[in-house]
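This briefing covers a protein model with a ligand.

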Amino acid sequence: MALPTYKRILLKLSGEVLMGRQQFGIDPEFVTELAGEVKSAKDSGLEICLVIGGGNIFRGMAGAAKGMDRAQADYMGMLATVMNALAMQNALEQLGVPTRVQSAIEMDKVCEPVIRRRAERHLEKGRVVIFAAGVGAPYFTTDSGAALRAAEMRCDALLKGTSVDGVYDSDPKTNPGAKRYDTVDYDTVLAGNLKVMDASAVALCRDNRIPIVVFSIREQGNLARVLAGHGTQTIVQEEG
Ligand code: UDP
């Protein structure tokens, strides 16, 4: 299904994709491949905001499950997203793409704080803006951070690059007959608890009418294919 023409997108990558073929952490070679995909999208004329998760390094829930204080563990997760943002900044700049990292937790030795008007200016100047540390508060995820930045930066769509090629009516790993939606509305996703993003992120996109495009970032060249309308994806949007 062809996508509408977007001018500005927010691309959310889960931290796990930065692991490449590793079990943990950051695979610099794979980050360079991902950066190449981002560069191609930018070279096609798009303005790009990026949000990267931290699940390849640390997730608050995992710490809490092992007895840590949840908020403390979540702050560690947010710091993990800053490391990923810096890794992606490095890879993009090595490919000649100008970038700025803005973190919701101020860290002025390594990046800027989140300042919306400044981010606007960066995009106008052709820079990719990488938003780190999610919303800057525990009990949230980077999906919510992505939805929030997509809303405040008035992005035309939130593209979620993940390990699966869309949204299914049941788990394709356990049900071989699971069906992938081409499009699905926000309320079906919320009511069915379909695994797209957490509910607060989906609700924020619904309330601000931001379509969510879910696609696999694991296959090389897929971001460009999806943007050109030749890819496989699910679009979560208002229907009817
Ligand atoms: N996190 C948080 N608040 C935010 C964003 C992230 O507390 O606004 C923490 C949370 O512990 C989360 C971790 O950072 O588990 C890593 O982010 P996420 O799980 O969203 O990463 P992803 O699954 O996309 O790799």
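Leucine 10 stands opposite cysteine 49 in S2. The model is predicted, so local features need pLDDT of at least 70 and side-chain atom pairs pLDDT 80 or more, whereas totals for chains, interfaces and linings use all residues. Residues are numbered from 1 along each chain as its sequence is written, and side-chain values use heavy atoms, with hydrogens and water left out.

**Sheet**

- Strand S1 (residues 8–13) and strand S2 (residues 47–52) run parallel and are joined by 6 bridges; strands are DSSP runs of E with at least two residues, helices are runs of H or I with at least four, and both are numbered from the N terminus.
- An open sheet of 9 strands has the order S4-S3-S5-S2-S1-S6-S8-S9-S7, with mixed pairing (two strands pair if DSSP finds at least two bridges between them).
- Strand S4 (112–113) and strand S7 (183–184) each have a single partner strand, so one side of each edge strand lacks a neighbour in the sheet.

**Ligand shell**

- The ligand is surrounded by 20 residues, and Gly15, Arg59, Asp74, Ala137 and Thr142 are the closest (a heavy atom within 4 Å).
- The shell holds 6 nonpolar, 11 polar and 3 charged residues (Ala, Val, Leu, Ile, Met, Phe, Trp, Tyr, Cys and Pro count as nonpolar, Asp, Glu, Lys and Arg as charged, and the others, Gly among them, as polar).
- Helix H3 (residues 70–94) supplies the largest share of the shell, 3 residues.

**Contacts and cover**

- A polar side-chain atom of arginine 59 is 2.8 Å from a ligand oxygen atom (polar contacts are pairs of N or O atoms within 3.5 Å).
- A polar backbone atom of alanine 137 lies 2.7 Å from a nitrogen atom of the ligand.
- The protein covers 94% of the 520 Å² of accessible area that the ligand has on its own (Shrake-Rupley method, 1.4 Å probe).

Notes:
Polar contact = N/O pair within 3.5 Å; in protein donor to acceptor, adjacent residues only side chain to side chain.
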